[in-house]
Structure formats: structure tokens, C-alpha cells
Amino acid sequence: GSNERGILSGRRIGEGEVPTEMQLNFLSKKANLQPGQKVYTEGVAKGTSTGVFPSGIFLGTVKSFQARPLDGQAIVEPAGDLSTVEDVFVVVGAK
């Protein structure tokens, strides 16, 4: 129900534990996402026509949204058990 774009991230709480929520950052302050809205992969990557990631993969459900001074952030409940994930894309460091 929204064309918002953001970056979804999360982290393990401790050894063997799986996060119960993730953060969807860099949204518009006016996004006004509502609890229960679904979050899916977009399937695009800058500079490509086909994208790097498949589109339409269900990632999770919005739990809450807050507008921050520069952007918006949604808290997202993961769609599945992340402890079973075998392949991931990892972003290391900032340029």
C-alpha cells in the first residue's frame, strides 16, 4: 500500500538468539506506515535494469512507524525464522 523505499536491518541479540524485530530506516518522514502493512523486496539495484535481488519476497510486517527529524523509521516483525537463513547479503563499512 506504499511506494516507500528504505533499508531493512537487524542484529542478533546474543549467541543463538534471533531478533524479534528489525528496523526499516531512511523512509520519508511522511510515510505514515501503519501496523500490519507488509514489507517486500523491491528487486532493484542502482544502475541495473534487472536488479540484484528478486522482487516480491515477503520480509515482514510493520509493527510501528515514527517520524524522526530527518527521516522515518518503521519497526518490522520478521516474516520467518531468521535462524534458518543460509545466504545473506552483507554490507560492510561505509564509504
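This is a predicted model: local features need pLDDT of at least 70, side-chain atom pairs count only at pLDDT 80 or more; totals for chains, interfaces and linings use all residues.
View 1. A search of the whole structure finds one aromatic pair. The pair is formed by the rings of Tyr 40 and Phe 58, whose centres are 5.5 Å apart. Because their planes meet at 45°, the pair is classed as tilted. Tyr 40 belongs to strand 3 (residues 38–40) and Phe 58 to strand 4 (residues 58–67), so the pair ties together parts that are 18 residues apart in sequence.

**View 2. The largest nonpolar core.** Nine residues make up the largest nonpolar core: Met 22, Leu 24, Leu 27, Ala 31, Leu 33, Val 39, Val 62, Ala 74 and Val 76. Two or more of these residues come from each of strand 2 (22–27) and strand 5 (72–78). Strand 2 gives the largest share, three residues. In soluble globular proteins, nonpolar side chains tend to be buried together.

**View 3. Ala 31 and its contacts.** Ala 31 is one of the residues of the largest nonpolar core. When its neighbours within four places in sequence are left aside, Ala 31 is in contact with Glu 4 and Phe 65.

View 4. Phe 26 is part of strand 2, and its phi is near 65°, a positive value in a residue other than glycine. With 56% relative accessibility, Phe 26 counts as exposed. Asn 32 is found in the loop between strand 2 and strand 3. The phi of Asn 32 is also positive, near 50°, and this residue too is other than glycine.

Methods:
Residues are numbered from 1 along each chain as its sequence is written. Side-chain values use heavy atoms; hydrogens and water are left out. A nonpolar core is a set of buried Ala, Val, Leu, Ile, Met, Phe, Trp, Tyr and Cys residues joined through side-chain atoms within 4.5 Å. Buried means under 20% relative accessible area, exposed over 50%, partly exposed in between (1.4 Å probe, protein chains only). Helices (H or I, at least four residues) and strands (E, at least two) are DSSP runs, numbered from the N terminus. Contact means heavy atoms within 4.5 Å. Rings of Phe, Tyr and Trp (its six-membered ring) pair if their centres lie within 6.5 Å; planes under 30 degrees apart count as stacked, over 60 as edge-to-face and the rest as tilted.
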